[in-house]
Structures are given as C-alpha cells and as structure tokens.
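Visitor: Walk me through this one. I want to learn how to read each feature.

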Amino acid sequence: MICQLLSIKTRTFQQMKLITTFSFLLSVILFPDILLAQSPKDSCLKMHLVCMQMSAQYPGGNLAKRFGENLNVGLSYYVKTRKNIVIGIDPNFFFGKNVKEDVLKNLKTPEGTITNTDGNFANLKINERGWLITATLGKIYPQLFQKKIAPNPNSGMLLIAGVGYLQHRIFILDQERNVPQVSSAYLKGYDRLTAGLCLKQFIGYTLLSDNRLLNFFGGLEFYQGFTKSMRTYNYDTMEIDNSLHKDFLFGFRLGWILPIYKRVESDNLFTY
C-alpha cells in the first residue's frame, strides 16, 4: 500500500512537472515579450493610468460668498507617453455643508424658522452640490527629484493644466415633503444653479513604483470658473441674475493610481 501511494505521488509530481514545463515553453512561443520585459525602474514607459482621488477644497471669489469649504472626489483617466507627457480627462464631484447664502430667508418666520404644512418646524437639509470635468495636459519631471525621491523615470514632479466645465448649486432637501414652497415646482427659484467654463492647474508629485503596488500622486490644485446663473429668476430676491461670476477653488488633492501597461524590449515599448 505504501509503495502504491509513493508511486502515485511520484507520477503526479512528474505530470505536474511536465505540465509546468509545457506551459512555460508555450508561453515563450506565444508571448516571447514576457522574457524581454523591462521594469519601470529602467525605462520611461507608456501607461494607462486610472486614478481614484479626493481633495479638500476652499472657495474664492463669488463662490466664497455662497459656500464654505468642501470635499471633492473623482475618478480620472490618463495616458502617459514615453516622454512623460500625460493627457486625460478628469471628472469630479464636490459637496459641502457650509452654505452661506440664505436663499430661504423670505420663507422664515421672525424667529428664523420655516413652518411646514403641519404647523411644525420644517426638516430641511441645505447643502452644496457640484461637479466639474476637465480635459488635461501635463508632464512628469523625474529629474527634478533625482533618485532620492523619484525612484524611476516614470516618477517625479507633476505639472498639469486643463480646461473644462464647472457647475454648482444649493441642494435643498425636504425630507418629509411637507414644505410646498420648496417642492419640485418651485425649487429652481431657490437653488442658484450656476455653470460655465473653468480652468485647472495642478502642481505636485507622482510615484509609479517598480512593482505596481505603490502608486499615488498628491499636490496643490487650483480651479478658476467663469460662470453665470442657469435660472431665469430668483424667488427670494425677486430678481434676474445676469451677472458673470468668478468662482475659484483651491486645495490639496491625493489620489491612488492603477497603472496599466505592457513592458517589452526597450526598442519597442507599448501598452495594452
């Protein structure tokens, strides 16, 4: 019995060894570039970069009169060339609780409260909501940090500029749906929906590690929005807002990067 078991184990080991050897030879035949693979440590590679990011932002200009600080989250996509030029699209959503402009003041009692249809205090949530999307162009400068901070030619100082679209509004939520003054039929007169062209600048550092495990970027970002009201009439002021707004945002952004690339011999680098 023991001899039979040893014989079975021996045959199984030999079969696994044969399969492994065959798989390796097949990989060499079908995918010879695997053996020629280069590490990002040695070469400046072309990559597809998927970025998950978050930032804390502070408003300026006309936006600071309406809102306070906010949080910003986004999911971006970039292509990095072998010359470390990055081209991509950067959509983001931002939100905050600090709304400075009291658009519901004409609905309040002398005590500063709003009454619902039941005669009780209204349960309203008033927040900031907005989104922006930019097409971006930038470059990574590994030589500025040398090898102490930039471990390979794909890492270093990151400079980005972009142009896109910015939109924001005052988000008013009537949780119990018993304040008809802010129902869907009238909400547009209070939400201050504003939108327009925006510019973006970013300066920071990006790290793309040799083993693909530690990849991130961080730095300072700046947005300049040139916007106007998307509503025809404001109910609280009983006016039409035709003025142009200068809406600024600045803050610190930190993101995690998923790099997607195929590494082959140095004379013929390409990505998936």
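**Reading the cavity and its surroundings**

Guide: Start with the lining of the largest cavity: its residues divide into 10 nonpolar, 2 polar and 3 charged. Here Ala, Val, Leu, Ile, Met, Phe, Trp, Tyr, Cys and Pro count as nonpolar, Asp, Glu, Lys and Arg as charged, and the others, Gly among them, as polar. This is a predicted model, where local features need pLDDT of at least 70, side-chain atom pairs count only at pLDDT 80 or more, and totals for chains, interfaces and linings use all residues. Residues are numbered from 1 along each chain as its sequence is written, and side-chain values use heavy atoms, with hydrogens and water left out.

Visitor: How many cavities of 30 Å³ or more does the structure hold?

Guide: The general idea first. Rolling a probe the size of a water molecule over the atoms shows where empty space is left. A cavity is a set of points, on a 1 Å grid over the protein atoms alone, where a 1.4 Å probe fits but cannot get out; lining residues have an atom within 4 Å of a point. Points are joined across faces, edges and corners, and the volume is the space filled by probe spheres set on them. The structure holds 1 cavity of 30 Å³ or more. The volume of the largest cavity is about 140 Å³.

Visitor: Which residues lie nearest the centre of the largest cavity?

Guide: Cys51, Tyr78, Leu158, Ile160 and Phe217, out of 15 lining residues. Two or more lining residues come from each of β1 (47-61), β3 (85-96), β5 (156-174), β6 (194-208) and β8 (244-260). Helices (H or I, at least four residues) and strands (E, at least two) are DSSP runs, numbered from the N terminus.

Visitor: What pattern does the protein follow along the sequence?

Guide: It reads α-β-α-β-β-β-α-β-β-β-β. That comes to 3 helices and 8 strands. Contact means heavy atoms within 4.5 Å. Among contacts between residues at least 6 apart in sequence, 74% join residues at least 24 apart.

Visitor: Is Lys200 buried or exposed?

Guide: Buried means under 20% relative accessible area, exposed over 50%, partly exposed in between (1.4 Å probe, protein chains only). Lys200 counts as buried because its relative accessible area is 3%. Lys200 sits in strand β6. Its side chain makes a polar contact of 2.2 Å with that of Asp90. A polar contact is a pair of N or O atoms within 3.5 Å; within protein, one must be able to donate a hydrogen and the other to accept it, and residues adjacent in sequence count only if both atoms are side-chain atoms. Beyond four places in sequence, Lys200 touches residues including Tyr78, Asp90, Thr134 and Ile160.

Visitor: Where is Gly130 placed?

Guide: In strand β4 (residues 124-141). Gly130 is buried because its relative accessibility is 4%. Leaving aside neighbours within four places, contacts of Gly130 include Asn92, Phe94 and His168.

Visitor: What is phi of Asn84, and what is phi of Met238?

Guide: Asn84 has a positive phi of about 65°, though not a glycine. Met238, also other than glycine, has phi near 55°. Asn84 lies in the loop between β2 (70-80) and β3, and is buried at 4% relative accessible area. Met238 lies in the loop between β7 (215-229) and β8, and is exposed at 60% relative accessibility.

Note on methods. 1 Å grid on protein atoms, 1.4 Å probe; cavity = no way out; pocket = protein on both sides within 12 Å on 5 of 7 lines; lining within 4 Å.
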